[in-house]
Structures are given as structure tokens and as C-alpha cells.
Amino acid sequence: MPTTEEPLNPVPKRRGTLLVVDDEDGPRESMRVIFKDEYDLLMAEDGPTAIELAKHHDIDVAVLDIRMAGMSGIEVLERLKYVKPDMEAIMMTAFETTDTIRKALRLRACDYLNKPFDLATMRAAVSQAMQRRTLESEIHSSAEKVQQLLTDLENQRIDAQIARKRGDILASIIHDINNPLTVIAGFLELLNQRVSRITKLETEDLEFVKARLGIIIRQTTNCIEISRRYLDILREKPGQSAPRVSVKALLKDLEKNVDVHPSLRENEFSVALFAEDIGVKIGGMDLIQILQNLAVNALQCAPQPHRVEVGGEVLRAPLDLAAFKDGPNDRLLNVESLDNTAPLVKFWVRDTGPGIPAEVLPKIFDPYFTTKGPREGTGLGLNIVQRFIKDGHGALHVHSVAGEGTTFTIYLPGAELAK
Ligand SMILES: Nc1ncnc2c1ncn2[C@@H]1O[C@H](COP(=O)(O)OP(=O)(O)OP(=O)(O)O)[C@@H](O)[C@H]1O
Ligand SMILES: [Mg+2]
């Protein structure tokens, strides 16, 4: 079977490949003589050989005799176009009917030469067909390059998104761990002061040290749990589905955490415990983080002493969402992801601080938005709160009136606790 050297990089290539399909030896030989120095040549004496060659070689241009024994030139063209749709074809015709020519046309043959052909016409026809192929290959390879460029850009965009997500998570870890670390640092300082003054531990001192160590251990455990949770997110481990945390136990933990928080200062802080206990379908640490972020914000909202209250109740009916209207004093968030089926658990964090100005209210959940000084706040607290509530299929409402104070209310899907 006639062969040719396989080009290393077919598109674009310097030397074109020409396939000649003719069952007569004479014209095939003439073609060889004319084109052997210019192109890589493939010779086929019948249709099946031509198709076999097309399967294994890149072919730019084919010159086909229409009238051949066995498979006609039109049939060969049809099959060749199937294998090599971009190939250019020149048909050699003798005394064909218009019908045959129409068929060849339909198969996108680009030229027709009369047989016997004259040398100059054949040279011109093949050269033109080759040029068209080169141009097409160039356009094709440019299009591929553009496509590759677009894919690269898209990949870069995704990489940037992942990096941003990781950056957000890292920032969240730092933000969340800051609360327990502040408490730990304060108590260690206190212990240090007390212990450095004495040489021997009396019972009273021992009790003092023990109590503070207890708090430090609890806060350290919080830090570990916070980092574990975020590491799970980074590893894209799916969270446990619908845990049930007792609201009573949770609020007790929250009270203990806030009671030792430095932001408490001269403020009044109280937690109203639930009349009945119920479970909430959210991670316990997540709920504590939510409420603690809201409580700390409320404690820090004014330098003057004010009151902060946390409380909650069980709702036995779904929320009437139509009753909530966003306005200068109100905003409702996460409605799209809310699982509005009873029972729902409602928590509120209320303060008697200065309130949030109407022009600031729409921005408070934006990441990094803060009205605090550069070393005082990251502006991530409320963004974390909103994300946790969204993950827990809950909703969040804020109502704030200048001069009166602010109330954050959250609604989370509840679940009866196992008896
Ligand atoms: N209870 C509140 N009263 C008045 N303003 C509030 C209250 N809670 C939040 N804000 C406003 O919302 C802003 C954003 O709060 P967020 O918790 O996201 O960040 P931050 O508290 O400023 O920073 P960080 O949480 O790192 O301490 C605050 O800077 C403050 O202006
Ligand atoms: Mg905050």
C-alpha cells in the first residue's frame, strides 16, 4: 500500500499532503511526476485504498477520478469527506452528466478538471486547494488557541474563587478564635498577677486558680472546635446532617462565655432561659458562635453602659413571611434558604445601644464592613453569623431604631429532643 511520511505536527504544516485516486496507471504517474517535489503524495488505485489511507494520514487535498471501476469517484468522495471533513477535493471529469456534477457539488468538491488534464490547469487547481487548506488550518488553529486561552482564563477565575473562599475561611477562623483567645489571655494575666504575689497556695487562692483554669480550659476547647470546624470546610467534608442541640444547654454555655468576656465591662447582660427545652437543627458550636457574635456586637455598640438581653422561644407555626417588611429600620435575610416548617426556634439579642443608622443598616452583613477602628474590628462577625444561619436553613432579622437600640432575631428549624 502506498504510504507517506507522517508529519509530526499536522497543523500548520509546511508541506501539504495530496491524495490521488485514479484506477488508471497513466494519470497517477503523471500526477506523481508533477507533484512529487512539492507535496507528500499518497496514491490510491481504488476507493477502498483511498479510504484506508485517509484513516491513517492527514490529507489536505484529494484529486479523484469520477469514473472508476468498482466504487465511483462520487462514492469515494462521500466516504472520504466522512473521514476527513475538512479535506479539499478536485474531481476529474470526462463526459459527466450534470447530475453527477451536482452530486459532487453537494459533497463540496472545490474544482472540476477535464480529463485528460493539462499540466498548468492541474497545478493551479491543486495549488489553490492547498492554499485554501492552509488558510483553513490557520483559522482552525487560531480558533483552538483562542478556545485554550478562554479555558485558561476560566480556570484562573475558578482558582481565584477558591483562593478567595480559602481566604474568607482563614479570616473567619481568626475572627472566631479571637473571642476565646481574648478571654484566655485575660484570665492568664489575672492568674499570673495572683500567683506571682504569693509563695504558697492557700485554700482561697487554690479555689480562685481552679475556677479560672476551668474557664481557660473551656475556652481552649472552643478554639480547638472552631479550628476543627473550619478545617472540615477546607477539606470540603460535608457537615453532619441536622444535629439536635438542646437550647437550654446552649444558652447556659453562652451565658458563661459572655460573663467572662472583656467587652462586658460596665454593661448589664442577661440571658432569659427557655420555658421549655427543644432541639435546634444546627451545630452547637455554630449556634454559640452566632449568638456570641451578636452579643459581643451589642456589648461593644456604645462606650456608655447599656443593657444586652438574650432570649428565645419555640414557635409552633411557620413564620408569616409577608409580615416582614424591609425598610430603614428593618431587614430580613436568608429567606430563600429558610426551612419554614414548625417547630421553629426563635432567639433574640437585644440592646439599648445607639441603634444602627438607616444608611449603615444595608451594609452591616457585608464582609469586612465595620464602623470600628482598624485594630478594633474585622467587620466579619455579622457575615459569619449570616452564613451559619444560611447553612442551618434559618432566617435572620434585624430591627434597629436610632436612640433606642437594636434587636437581632434569628429563626432556626427546631426538632424535638429524644426523651
Ligand atoms: N448591636 C449593634 N448596634 C449597633 N451597631 C451594630 C450592632 N451590631 C453590629 N453593628 C454594626 O455592624 C457593623 C458590622 O458588624 P460585624 O460584627 O460584622 O463587624 P465588627 O463587629 O465591626 O467587627 P468584629 O466582628 O471583627 O469585631 C459594626 O461595625 C457596627 O457598625
Ligand atoms: Mg462583630
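**Entry 1: the ligand.** I began with Thr378, where a polar side-chain atom is 2.6 Å from an oxygen atom of ligand 1; I count a polar contact as a pair of N or O atoms within 3.5 Å. The side chain of Lys372 has an N or O atom 2.5 Å from an oxygen atom of ligand 1. Gly381 uses a backbone N or O atom, 3.4 Å from an oxygen atom of the ligand. On its own ligand 1 exposes 600 Å², and the protein buries 92% of that (Shrake-Rupley areas, 1.4 Å probe).

**Ground rules.** I am reading a predicted model, in which local features need pLDDT of at least 70 and side-chain atom pairs count only at pLDDT 80 or more, while totals for chains, interfaces and linings use all residues. Residues are numbered from 1 along each chain as its sequence is written, chains are lettered from A and ligands numbered from 1 in the order written, and side-chain values use heavy atoms, leaving out hydrogens and water.

**Entry 2: the shell.** I found 19 residues around ligand 1, and the closest are Asn297, Thr370, Thr371, Lys372 and Thr378 (near means a heavy atom within 4 Å). By class the shell holds eight nonpolar, nine polar and two charged residues, with Gly counted as polar and Tyr, Cys and Pro among the nonpolar ones. Helix H8 (284-300), helix H9 (381-391) and strand S13 (405-415) each supply at least two shell residues; helices (H or I, at least four residues) and strands (E, at least two) are DSSP runs.

**Entry 3: the sheet.** Next I traced an open sheet of five strands, ordered S2-S1-S3-S4-S5 with parallel pairing (at least two DSSP bridges make a pair). Its edges are S2 (40-44) and S5 (111-114), each pairing on one side only. From one strand to the next the twist averages 20°. Helix H5 (119-197) packs on this sheet, touching S1, S3, S4 and S5, and its direction makes about 160° with that of S4. Contact here is heavy atoms within 4.5 Å, and angles run from 0 to 180 degrees between N-to-C directions of lines fitted to C-alpha atoms, for helices over the stretch in contact.

Entry 4: Most residues other than glycine have a negative phi, and most peptide bonds are trans. I noted a cis bond from Lys115 to Pro116, with omega near -5°; Pro116 sits in the loop between S5 and H5. The bond from Ala342 to Pro343 is cis too, with omega near 0°. Tyr368 has a positive phi, near 70°, and lies in the loop between S11 and H9.

Note on methods. Polar contact = N/O pair within 3.5 Å; in protein donor to acceptor, adjacent residues only side chain to side chain.
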